[in-house]
2 protein chains.
Amino acid sequence: MANHFRLLLIITLLFIIVFSTISSPSNGSPLSSSSSSVLSKRLPRFPRHTFKNPTRIQRFRGDGSGYKYETKFFSQQLDHFSFADLPKFSQRYLINSDHWLGASALGPIFLYCGNEGDIEWFATNSGFLWEIAPKFGALLVFPEHRYYGESMPYGSREEAYKNATTLSYLTTEQALADFAVFVTDLKRNLSAEACPVVLFGGSYGGMLAAWMRLKYPHIAIGALASSAPILQFEDIVPPETFYDIVSNDFMRESSSCFNTIKNSWDAIIAEGQKENGLQQLAKTFHFCRVLNSTDDLSDWLDSAYSYLAMVNYPYPANFMMPLPGHPIKEVCRKIDGASSDASILDRIFAGISVYYNYTGDVDCFELDDDPHGLDGWNWQACTEMVMPMSSSEENSMFPAYAFNYSSYKDECWNTFRVNPRPRWVTTELGGHDIETTLKSFGSNIIFSNGLLDPWSGGSVLKNLSNTIVALVTQEGGHHLDLRPSTPEDPKWLVEQREAEIRLIQGWIRTYRLEKEAQFSLLKRSW
Amino acid sequence: MANHFRLLLIITLLFIIVFSTISSPSNGSPLSSSSSSVLSKRLPRFPRHTFKNPTRIQRFRGDGSGYKYETKFFSQQLDHFSFADLPKFSQRYLINSDHWLGASALGPIFLYCGNEGDIEWFATNSGFLWEIAPKFGALLVFPEHRYYGESMPYGSREEAYKNATTLSYLTTEQALADFAVFVTDLKRNLSAEACPVVLFGGSYGGMLAAWMRLKYPHIAIGALASSAPILQFEDIVPPETFYDIVSNDFMRESSSCFNTIKNSWDAIIAEGQKENGLQQLAKTFHFCRVLNSTDDLSDWLDSAYSYLAMVNYPYPANFMMPLPGHPIKEVCRKIDGASSDASILDRIFAGISVYYNYTGDVDCFELDDDPHGLDGWNWQACTEMVMPMSSSEENSMFPAYAFNYSSYKDECWNTFRVNPRPRWVTTELGGHDIETTLKSFGSNIIFSNGLLDPWSGGSVLKNLSNTIVALVTQEGGHHLDLRPSTPEDPKWLVEQREAEIRLIQGWIRTYRLEKEAQFSLLKRSW
């Protein structure tokens, strides 16, 4: 367990160093990334890390996480689905074969479907895989998602993100095909064609894992899709779902906390409209620079509340930020517990500091100049990953907001010069009436979710068949099951992971029996 | 039944008219289409029609086939899998709703997956769908495959086939996505979102139907994939399979017929090497022009034998050519029955005339100047549809030939300036060890095959699960089951079609029960 604490320490240090050296967002792109935008309204994101300097990560690799891996590159088609003459690109992947049983023993291959970010971050935050690999005798591979981390088409991030044409191959289907081509080639090189592949992923990576099992059953025998909101499209779930769950996470801790937050938005606007109001707000909230508008502050708060709901873990963790266990409880304790003469905004500041400054090391807060600018996930949200998000008048502690596709589309055009295809994901990957579709089609998928996670509302929360199952925990957060085990793990979390292990063992056992039966049949026919 | 004979007559007339007006293959293309090529060696094709003048078809539409339909167009993405700014194109589809039960009754939609040719030809040669539509109360739709018929990107065939860049979107995955987008939109427009879609297809269309059911289970509840050689890739089946089956079709009729053909190739070469040998060959075989080489003749014969094996139907039919029932028996009767002093080449000519001139109307035979030139299927064969074909020394009546990927690749480069991706189909669509993959994944596919059809060797010939089943007939030819019924249908063919109908009825019944259960559950929860 000492390793985990060392890990915590290293990551904390790492955050401090990286944050103090973060460069500003990419400049010089012909794409517009200037204005705060409609995209920034109600575009919740999956958790992501903010490392922007790979050499920093490099320095720390392998000297603290306890996870050792080789870093390799694979030459990949830029467009799998056309034969246009395009340059290939190098896809990065991490690999560890320390525990692999090998090809002749049909040793399994665990493939983590890289999400929208640096694969090293996802690999080192998916302790579950590292912990179960020895038990399974599994090879671990973590292929990176194209257009993220070091897997950049056209040779550099700058070139890859240059315009809508260079970005046009940043799609989910291409990423899935990358994984398929990659692992097929890897298996061939290892003479491991017969080895079973099991997919893992959390968040968008979990969506990829589930979709990949459905689209490439010949490549992977099953998938653990953790916190994978594959139903968060079109009108499959109500658009208020996400913010209602965030809000409920606060309400269940304290209704006065919920009400303070709900009332704070008007207070912020009122304050901002006063003379020198923006300066005053910057002072109250300890920003390093003045605000351009009250939206800067609202976005900063909205973002923190949403992330808090995702990482509302039952023990102290350092996933996006160093946080105490049950951080929302802590936030509400601060909001509710401020001295009786504290203003509403003082209370909010006290609460939000739990998220942004739990270590107490921050003197003043930097505002992200372009929180929803030219990054890969925004491109994906502006093309395929159109997830309508509204905030309801009644149940939400956020300002009421109705998703407006027309402004969303305009904003995507202004930012990227691209038109979304909001119906494409459900056409290509399904989602509507998933029960009827998967009741008698497909097998071996685990949808794991914690109901505190706002993304759980767009996920699969009940068994669809005997082998497409839902593991739901009342108190779980965003892909908590994929994180390393800790001494503080509650019983339900330990049991959830055990259930996952049993199911995966079952998939592998069935697969091997099948293979052995074929082999003995073959022998008999000789 | 009178309709069928009228149809036969019309098609015969049509062939005569079209053949007498056929224009030469497309000229002026920057792509090389000059030389007879390695592609022309051992590149068997699926049956195709040879209409090249749409106005000719137009004239005959609806006045003979007995199949009435509306012709419509749908605006389609050129590249579904990237967001490059590309022009849309018009996809043609045929539709008939005469018997449709309608949306509220969950009337089924039968979708024929258009193959590599004019959709009207496939629609009018798929009588099975037209015959069962009234029984099922089904809507019939026949979307055309992109880059064929009138569904041309870039506005015209000439532009679409201009070069490797314009052709680059002619892929199977794009065609499947076309069908998915098309039928999703169609259902929305008809408020028929809940209506079950059943897929049909023969030959390459059958491959598309099977693949579409596997890739788009949320869009179609099942597929009848007739004569669909989805395993004819890489080394899944031996490369000799196709020609061995063709050869066996002749052997089973007569070993002397088989031997005459097997010996004829050397005789042709020997004749060609004589002084004026090519002229003499042209005379013996009644060609309208002199041969450039003996390959012209060998290809012409190879092609006829292969097609004869595919359309070796048990009753007279006019699918590619007007032919008697059991045409191979007839060919062998001519080869074996020639006068005892007939030369080997005279015997071959007598036999092959059954195929090329059964009506006796042809004075001299035109050689296709470019049988394997710049057409869409050749592009597909040079990109994704790489089906290795060899001819064995022992079992084949064709000249021995070992598939050579390197020359194949070179020839594709010379013809299209494109490199094949021979492993892509199995990576994207599966094939290796299909039994293990589909034993517990997927449902509702019928693989129907006749063992006389040389493509049956690369098809699924046994049940993979309770619901992915093989219907195999000993005496069937290439997608015979999809053809209209005739008074001469043998019992096994009638039974095969009945089995197909029962299975499809089962899929629809199960789907409707599922929907009703959901609906009453919904009602109860109100």
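Predicted model: local features only at pLDDT ≥ 70, side-chain atom pairs only at ≥ 80, totals over all residues.
Let's start with the interface. How many residues does each chain bring to the contact? Chain A gives 50 residues, and chain B gives 50 residues. Next, the area. The size of an interface is often given as the accessible area lost when the parts come together. Here, the area buried between chain A and chain B is about 4,300 Å². Carbon and sulfur atoms give 57% of that area.

Now the polar side of the contact. The rule finds 31 residue pairs in polar contact across the interface of chain A and chain B, with both residues at pLDDT 80 or more. Which helices of chain A supply the side that touches chain B? Five helices of chain A each supply at least two residues: α7 (172-189), α8 (204-215), α17 (424-429), α18 (434-439) and α19 (491-524). The largest share comes from α7(A), with seven residues. What is the make-up of that side of chain A? The residues there divide into 17 nonpolar, 19 polar and 14 charged.

On to the charges. How many salt bridges cross the interface of chain A and chain B? The rule finds four. Look at the one between B:Lys515 and A:Asp433. Their side chains meet at 2.2 Å, N to O.

That is the interface. Now the cysteines.

Over all chains, the count comes to six disulfides. Take chain A. Its disulfides follow the pattern 1-3, 2-4, 5-6, counting bonded cysteines along the chain.

Which cysteines of chain A are not bonded? One of them is A:Cys113, which is in no disulfide. Its nearest cysteine sulfur belongs to A:Cys195, 18 Å away.

Now a bonded pair in chain A. A:Cys382 and A:Cys412 form a disulfide, with the sulfur atoms 2.1 Å apart. Why is this disulfide called left-handed? Because the torsion about the S-S bond is about -80°. Where do the two cysteines sit? A:Cys382 is in the loop between α15 (376-381) and α16 (405-416) of chain A, and A:Cys412 is in helix α16 of chain A. A:Cys382 is buried at 0% relative accessibility. A:Cys412 is buried as well, with a relative accessible area of 0%.

Over to chain B. There, B:Cys382 and B:Cys412 form a disulfide, their sulfur atoms 2.1 Å apart. With -80° about the S-S bond, this link is left-handed. B:Cys382 lies in the loop between α15 (376-381) and α16 (405-416) of chain B, and B:Cys412 lies in helix α16 of chain B. Both B:Cys382 and B:Cys412 are buried.

One last pair. B:Cys257 is joined to B:Cys332 by a disulfide, S to S 2.0 Å. The torsion about this S-S bond is about -70°, so the disulfide is left-handed. B:Cys257 is in helix α10 (residues 255-273) of chain B, and B:Cys332 is in helix α13 (residues 327-337) of chain B. The pair links distant parts of the chain, 75 residues apart. Both B:Cys257 and B:Cys332 are buried.

Notes
Residues numbered from 1 in each chain as written. Chains lettered and ligands numbered in written order. Heavy atoms only, no water. Contact = heavy atoms within 4.5 Å. Buried area = accessible area lost by both parts, 1.4 Å probe. Polar contact = N/O pair within 3.5 Å; in protein donor to acceptor, adjacent residues only side chain to side chain. Helix = DSSP H or I, 4+ residues; strand = E, 2+ residues; numbered from the N terminus. Nonpolar A, V, L, I, M, F, W, Y, C, P; charged D, E, K, R; others polar. Disulfide = S-S within 2.5 Å. Buried < 20%, exposed > 50% of the residue type's maximum accessible area, 1.4 Å probe, protein only.
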